Amino acid sequence: LAFNDERGLIHVLEHLGFAYRQQAMYDQAIETIQLHCHLAETIQDTYRVCTALRNLGNVYFEQGNNEQAFVSLINALAIAQEYSYLRENIDVLNDLAGVLWSQSNKNQAFQYLQQALEMAIDIGYQQMIGYLIGNIGVLYDTNGDYDAALSCYLHDLRLNIALGSLTLLTR
């Protein structure tokens with residue numbers, strides 16, 4: 001493959017992999033994201049390697065392959081932490097919490113969500129703050145702590161209204 005714009009190709013592959021994932025075309029998504037990751041590694045673009053691993057982890061999670069999802073996400077987290085990709089770090093912690101929660105490891109999931117929330121607050125990542133509070137509410141809800149869950153959901157709602165971003169409520 002002779003191509004002069006590797007970064008542009010990586011960008012296209014990232015979007016293509018996401019589109020395949022959205023359409024539940026998981027084999028194509030995995031193949032595309034793995035190529036995205038390989039090319040990013042080739043040009044030493046650690047941020048794009050991190051995003052590829054995160055996307056790959058999410059595809060595996062959606063397939064029900066929690067073991068592969070966890071491995072990909074842990075690798076993405078290591079890169080995010082090493083290179084101080086703060087938003088990606090927060091997003092990966094949230095994704096890891098989802099994998100752990102699905103495996104009934106709710107304590108570790110809660111810890112990851114709390115860690116992500118603290119980081120989001122520290123950097124002012126407003127949209128993710130509400131999202132994380134909502135996810136913490138889900139954990140409370142599944143544990144039967146409905147008052148705490150309701151408090152989280154209402155806080156998430158207030159944040160979304162303040163941001164003028166009610167579309168986030170449909171996620």
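Aspartate 45 and arginine 7 meet through their side chains in a salt bridge, at 2.7 Å from N to O. A salt bridge here is a side-chain nitrogen of Lys or Arg within 4 Å of a carboxyl oxygen of Asp or Glu. This is a predicted model, where local features need pLDDT of at least 70, side-chain atom pairs count only at pLDDT 80 or more, and totals for chains, interfaces and linings use all residues. Residues are numbered from 1 along each chain as its sequence is written, and side-chain values use heavy atoms, with hydrogens and water left out.

**Salt bridge between aspartate 45 and arginine 7**

- The salt bridge of aspartate 45 and arginine 7 has an N to O distance of 2.7 Å.
- Aspartate 45 lies in the loop between α2 and α3 (46-63), and arginine 7 in helix α1 (residues 6-22), so the pair ties together parts that are 38 residues apart in sequence.
- Helices (H or I, at least four residues) and strands (E, at least two) are DSSP runs, numbered from the N terminus.
- Aspartate 45 is buried, at 14% relative accessible area.
- Buried means under 20% relative accessible area, exposed over 50%, and partly exposed in between (1.4 Å probe, protein chains only).

- Arginine 54 and glutamate 88 meet in one of them, at 3.9 Å from N to O.
- That pair links distant parts of the chain: arginine 54 sits in helix α3 and glutamate 88 in helix α5 (residues 86-102), 34 residues apart.
- Arginine 54 and glutamate 88 are buried.
- Aspartate 91 and arginine 54 also form a salt bridge, with 3.9 Å from N to O.
- Here aspartate 91 belongs to helix α5 and arginine 54 to helix α3, 37 residues apart.
- Aspartate 91, like arginine 54, is buried.
- Shared partners join the salt bridges of Arg54, Glu88, Asp91 and Asp95 into one network.

**Nonpolar surface patch**

- Leu150, Leu154, Leu157 and Ile161 make up a nonpolar patch on the surface, with about 330 Å² of accessible area together.
- Patches are made of residues with over 30% relative accessible area and no salt bridge; like charges are joined within 9 Å, nonpolar side chains (Val, Leu, Ile, Met, Phe, Trp, Tyr) within 5 Å.
- Accessible areas come from the Shrake-Rupley method with a 1.4 Å probe; for residues, only the protein chains shown count as cover.
- Leucine 150 is part of helix α8 (residues 146-163).
- Leucine 150 counts as partly exposed, at 47% relative accessibility.

**Glutamine 28**

- Glutamine 28 is in helix α2 (residues 26-42).
- Its relative accessible area is 33%, so glutamine 28 is partly exposed.
- Glutamine 28 and tyrosine 140 are 112 residues apart in sequence and 36 Å apart in space, C-alpha to C-alpha.
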